Amino acid sequence: MLSRRALLRQFSGTVLGAGVSRPLLSWATDTPAVSVPGKEGMIVRSGRFLDLEMPPEFLETWLTPIGHFFVRNHMHEPSTLDADTWRLSIGGEVERPYTLALEDLSKLKSHTVTNTLECAGNGRGFQRPRVPGVQWLRGAVGTARFSGPRLHDLLQHAGIKTTGKHVMFHGLDEVPGRVPPFIRSIPIEKAMNLDTLIATQMNGAPLARHHGFPARALVPGWIGAASCKWLTEIKVLNKEFEGNFMKPGYRMPNQSISPGGEVNPDDTHPITILAVKSVIAQPVEGSFLKSRTLRIHGAAWAGEAGVTRVDVSTDSGTTWQAARLGTEQARYAWRLWDYIWQAPKPGQYTIMSRATDNQGHIQPQTAVWNPSGYLYNAIDQVDIHVRD
């Protein structure tokens, strides 16, 4: 396995290759580290549209500080966001279309959900053969406490018609040229779930600009793309939204395909829930350690399911030992874990982590390959060296 630094060098200059199943704007380039105010120390994955990854060593707390929370953009962030003039319209297959100001949202009953938000492409940089797109490694994920009115309440007030089957989200992303806008939809059942929010706060503070101010969707347990930022329109539809970021984007093949193969978009289905997964925060790849006593730690999550176990191997997967799970937990949130290990002697070691959820899913040895590198969840591993 390559170190993060080596991967950064290898993937510099990545652009989108041809392929029938790849959406527009799925490319990105790694850029030299720059300082983004409030996001110091983050890995810049794209300079064209701001994409920031959390270094694994930043994963130290159950709730991710806003400054360390990853940023994923498909196009330019809004250049102007005025809380006083912002409006959110609700329409489509409803009896009573209406429009809300931010002040109106603030008067509605608020609900709080702690959710692990993960980009569907997190881990794409580990896929072999390599696939195009933002070359995320471990850090396009974070956990936060989101608060705001339930989407259920907003839709109920509008009165959903019997023809309403999906709910579309449209944000204020600034679309370059003739590129299709970033619009996503979710089934009405998930939209009406009491934990699906129109979030206006994150970790007890108003949403930051990078994270969707003044309001965003929060679709817990699902891929991050479902939780659209800078919301301006919610529309109830009679079917799944048809657009670039619903098809061919963010879909998985209906059948397994050979690595390096392509897939017809008509033979795919939309990605929804996250897969069971764990990552190692410390030690980091390529570490040289002076002490033989080592605390190995990280996080594990499983979308709508709960993590029940994390196992750690210090001998390249030959044997496994149960890690200790942290006490902080919530339905859609990751579990922190740690394992204290005594290296038997100096030398090179491969450390691995493997999560299990309460539905019996176990993190696989090899992730399911797909042309977009979505839902990568292979057993995590880092190579380290213990010195004399």
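Me: Leaving aside neighbours within four places in sequence, which residues is D51 in contact with?
Reply: This is a predicted model, in which local features need pLDDT of at least 70 and side-chain atom pairs count only at pLDDT 80 or more, while totals for chains, interfaces and linings use all residues. Residues are numbered from 1 along each chain as its sequence is written, and side-chain values use heavy atoms, with hydrogens and water left out. D51 lies in strand β2, residues 51–53 (strands are DSSP runs of E, at least two residues, and helices runs of H or I, at least four, numbered from the N terminus). Beyond those sequence neighbours, its contacts (heavy atoms within 4.5 Å) are I43, V44, R45, S46, V71, R72, N73, V134 and W136.

Me: Is D51 buried or exposed?
Reply: Buried means under 20% relative accessible area and exposed over 50%, with partly exposed in between (1.4 Å probe, protein chains only). The relative accessibility of D51 is 1%, so D51 counts as buried.

Me: Which backbone nitrogen does the side chain of D51 reach at 2.7 Å?
Reply: The side chain of D51 also makes a polar contact with the side chain of R72, at 3.3 Å. The backbone nitrogen that the D51 side chain reaches at 2.7 Å is that of N73.

Me: Within what arc do the buried residues of α3 fall?
Reply: Helix α3 spans residues 151–158, and its buried residues are L151, H152, L154, L155 and A158. They line one face of the helix, because, seen down its axis, they fall within an arc of 165 degrees.

Me: Which residues of α3 are exposed on the other side?
Reply: After α3 comes G159, with a positive phi near 75 degrees. The exposed residues on the other side of α3 are Q156 and H157.

Terms used:
The arc is that of the directions from the helix axis to the C-beta atoms. A polar contact is a pair of N or O atoms within 3.5 Å; within protein, one must be able to donate a hydrogen and the other to accept it, and residues adjacent in sequence count only if both atoms are side-chain atoms.
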